[in-house]
Amino acid sequence: MIVVDGVEMVDVREAARLTHRAPETIRRWVWNGRLPATKQGNRLLIARDLVTALADAHEAMAAQDSQDSQDSLAAWAERVTADRTGLAGASAADLVWDDRAGR
């Protein structure tokens, strides 16, 4: 554990382990400004609480995206089932094309 100005800091490898991401992903987050870091020699140090907050936010977004995609897939299936009543014998490709045309 490294403490800088009273703040617990972690290096890129530890941040990657905490977020279940690759070290290169952590470096990209630092380079594009999503994650503030300081350099100590040739090491990037990141505040541990910022890393965990970012990881929690990403997990929450992923869970919401997963739920949204399941909801939209269910809604699409209901629309296709409802539209299919007049398309007896239609193929799956026909249903997809009809759905796209209706958008």
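Asp 99 is in contact with Trp 76 and Arg 79, leaving aside its neighbours within four places in sequence; contact means heavy atoms within 4.5 Å. This is a predicted model, in which local features need pLDDT of at least 70 and side-chain atom pairs count only at pLDDT 80 or more, while totals for chains, interfaces and linings use all residues. Residues are numbered from 1 along each chain as its sequence is written, and side-chain values use heavy atoms, with hydrogens and water left out.

**Overall layout**

- Helices (H or I, at least four residues) and strands (E, at least two) are DSSP runs, numbered from the N terminus.
- Starting at the N terminus, the order of elements is β-β-α-α-β-β-α-α.
- Of the 103 residues in the protein, 22% are buried. Buried means under 20% relative accessible area, exposed means over 50%, and partly exposed lies in between (1.4 Å probe, protein chains only).
- The protein exposes about 7,300 Å², and carbon and sulfur atoms supply 53% of that area. Accessible areas come from the Shrake-Rupley method with a 1.4 Å probe; for residues, only the protein chains shown count as cover.
- Among contacts with a separation of 6 or more, 46% join residues 24 or more positions apart.

**Nonpolar core**

- The largest nonpolar core has 12 residues: Val 10, Val 12, Ala 15, Ala 16, Ile 26, Trp 29, Val 30, Leu 35, Leu 44, Ile 46, Val 51 and Leu 54. Such a core is a set of buried Ala, Val, Leu, Ile, Met, Phe, Trp, Tyr and Cys residues joined through side-chain atoms within 4.5 Å.
- At least two residues of this core come from each of helix H1 (12-19), helix H2 (23-31), strand S4 (43-47) and helix H3 (48-83).
- Ile 46 belongs to this core. Beyond its neighbours within four places in sequence, the contacts of Ile 46 include Glu 8, Val 10, Ala 15, Ile 26, Leu 35, Pro 36 and Val 51.

**Salt bridges**

- The whole structure holds five salt bridges. Each is a side-chain nitrogen of Lys or Arg within 4 Å of a carboxyl oxygen of Asp or Glu.
- Arg 48 and Glu 8 form one of them, at 3.5 Å from N to O. Arg 48 is in helix H3 and Glu 8 is in strand S2 (residues 7-11), so this pair ties together parts 40 residues apart in sequence.
- Both partners are partly exposed: Arg 48 at 26% relative accessibility, and Glu 8 at 31%.
- Glu 14 and Arg 17 pair at 2.6 Å, N to O. They sit three residues apart in helix H1, which means a separation of about one helical turn. Glu 14 is partly exposed, at 22% relative accessible area.
- Arg 27 and Glu 24 pair at 3.5 Å, N to O. Both lie in helix H2, three residues and about one turn apart. Arg 27 is partly exposed at 28%, and Glu 24 is partly exposed at 33%.
- A network of salt bridges links Glu 8, Glu 14, Arg 17 and Arg 48.

**Single residues to look at**

- His 20 lies in the loop between H1 and H2. Its phi is near 60 degrees, a positive value in a residue other than glycine. His 20 is exposed, with a relative accessible area of 65%.
- Asp 99 lies in helix H4 (residues 92-101). Asp 99 counts as buried, at 10% relative accessibility.
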